[in-house]
Amino acid sequence: MGSLSNRKSTLRIVYPIPIFLVFLLSPCLAGNVPANFVFGDSLVDTGNNNYIVSLSKANFIPNGIDFGKPTGRYTNGRTIVDIIGQKVGFKDFTPPYLAPTTVGDVVLRGVNYASGGGGILNFTGKIFGGRINLDAQLDNFANTRQDIISRMGDLGAMKLLQRSLFSITIGSNDFINNYLTPILSAAEQKLVSPEKFVGAMISRFRLQLTRLYSMGARKMVVANVGPIGCIPFQREINPKSGDDCVSFPNQMAQLFNTQLKSLVAELSTNLEASIFLYADVYGIVDDIIHNYQSFGFESANSSCCHIAGRFGGLIPCGPPSKICSDRSKYVFWDPYHPTDAANEIVADRLLDGHSDDIWPFNIRRLIQS
């Protein structure tokens, strides 16, 4: 990675601050942001898929082993959004939209609409059966918005939404469980070029982000697609790559990310009073994987929760799985998702990092604005 990776690794060392300062600073930050609205896929799903008929679920052991119980989070502990919420002082984790308890005044503090298997394109994730793609997540937010209006009136709702934090973490499934699906996508890859497929994603995403703005969102964090060619699943199904990350999925992600950054800049310029942040999750996770020992990890290519395969990436995490003894030493929890420990590094750098991690500035500055 060169000097950039070394500098980022150094940044990781200086981020932590004394815990008493975290508790002193957090409440005032949360006070600037009344609510947290989360959109995305399994990287940030906190339990919506528990309530739909789907092959994509995580509400069983050993998921949540370090959270206290399985909740529907696709990791051993917290998601990136969970961690950021804690660090800025939100009292509770943002609840899933479909949970029966997410009603009444609870929605005034934010709602999580994310769904495992969900994508930007509506065909994405069809292999799982049930999933909530981004268009449907926006429909669900429209319902929440009406609930807020009914409680606060038009002006009160508008003020709340304009001050709230919105995050969108989506796009990986459009590759992994659509364009790159083993066997099933062979015909599509022959008919549709990578450039055309990514172009369709960007066109749809432009409409979706603009719709979110039209419903009152002003402070939006848009995460790019991570290095999907480095996840244990992709390593497993592409054995010719050996110990290296698989190049083609990463090239697809980078093609999308380049256009996404331009889209974020375009929307920030064209949508009045909007603030869009481009979160370079790809760069951060790529840095962690290639410099994993400097971050305190012992494994950057294999699943902590595993059943079969050289990298433990052939079968999703579930009750029959074996788990590593120290989850904090693994970058990946399962064939697809990071551990709590890796999520915390990403969260720290999005919250307090420089413009090479999150552009044009970080989430802490967004909250203070």
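A nonpolar core is a set of buried Ala, Val, Leu, Ile, Met, Phe, Trp, Tyr and Cys residues joined through side-chain atoms within 4.5 Å. In this predicted model, the largest nonpolar core holds 87 residues.

**Nonpolar cores**
- Within the largest core, the residues that touch the most other members are Phe37, Phe39, Ile168, Phe175, Phe205, Phe256 and Ile363.
- Apart from neighbours within four places in sequence, Ile168 contacts Phe39, Leu134, Phe205, Leu209, Leu212, Met220, Val221, Val222 and Ala223.
- A second, separate core has 5 residues, among them Cys305, Cys317, Cys324 and Trp333.
- In soluble globular proteins, nonpolar side chains tend to be buried together.

**Helices α3 and α11**
- Helix α3 (residues 80–88) packs against helix α11 (residues 340–352) at an angle of about 55°, and their axes lie 8 Å apart.
- The two helices, α3 and α11, are therefore oblique to each other, and α3 passes α11 in a right-handed crossing.
- From α3, Ile80, Ile83, Ile84, Lys87 and Val88 take part in the contact, meeting residues of α11 that include Asp340, Asn343, Val346 and Leu350.
- The residues of this contact comprise 8 nonpolar, 1 polar and 4 charged.

**Helices α5 and α7**
- Helix α5 (residues 172–179) and helix α7 (residues 194–214) pack with their axes 11 Å apart, at an angle of about 130°.
- This makes α5 oblique to α7, and α5 passes α7 in a right-handed crossing.
- Asp174, Phe175, Asn178 and Tyr179 of α5 form the contact with Pro194, Phe197, Val198 and Met201 of α7.
- By class, the residues of the contact of α5 with α7 are 6 nonpolar, 1 polar and 1 charged.

Conventions. Residues numbered from 1 in each chain as written. Predicted model: local features only at pLDDT ≥ 70, side-chain atom pairs only at ≥ 80, totals over all residues. Heavy atoms only, no water. Axes fitted to C-alpha atoms, helices over the stretch in contact; angles between N-to-C directions. Helix = DSSP H or I, 4+ residues; strand = E, 2+ residues; numbered from the N terminus. Parallel < 35°, antiparallel > 145°, perpendicular 65-115°, else oblique. Left-handed = near helix turned anticlockwise from the far one by under 90°. Contact = heavy atoms within 4.5 Å. Nonpolar A, V, L, I, M, F, W, Y, C, P; charged D, E, K, R; others polar. Buried < 20%, exposed > 50% of the residue type's maximum accessible area, 1.4 Å probe, protein only.
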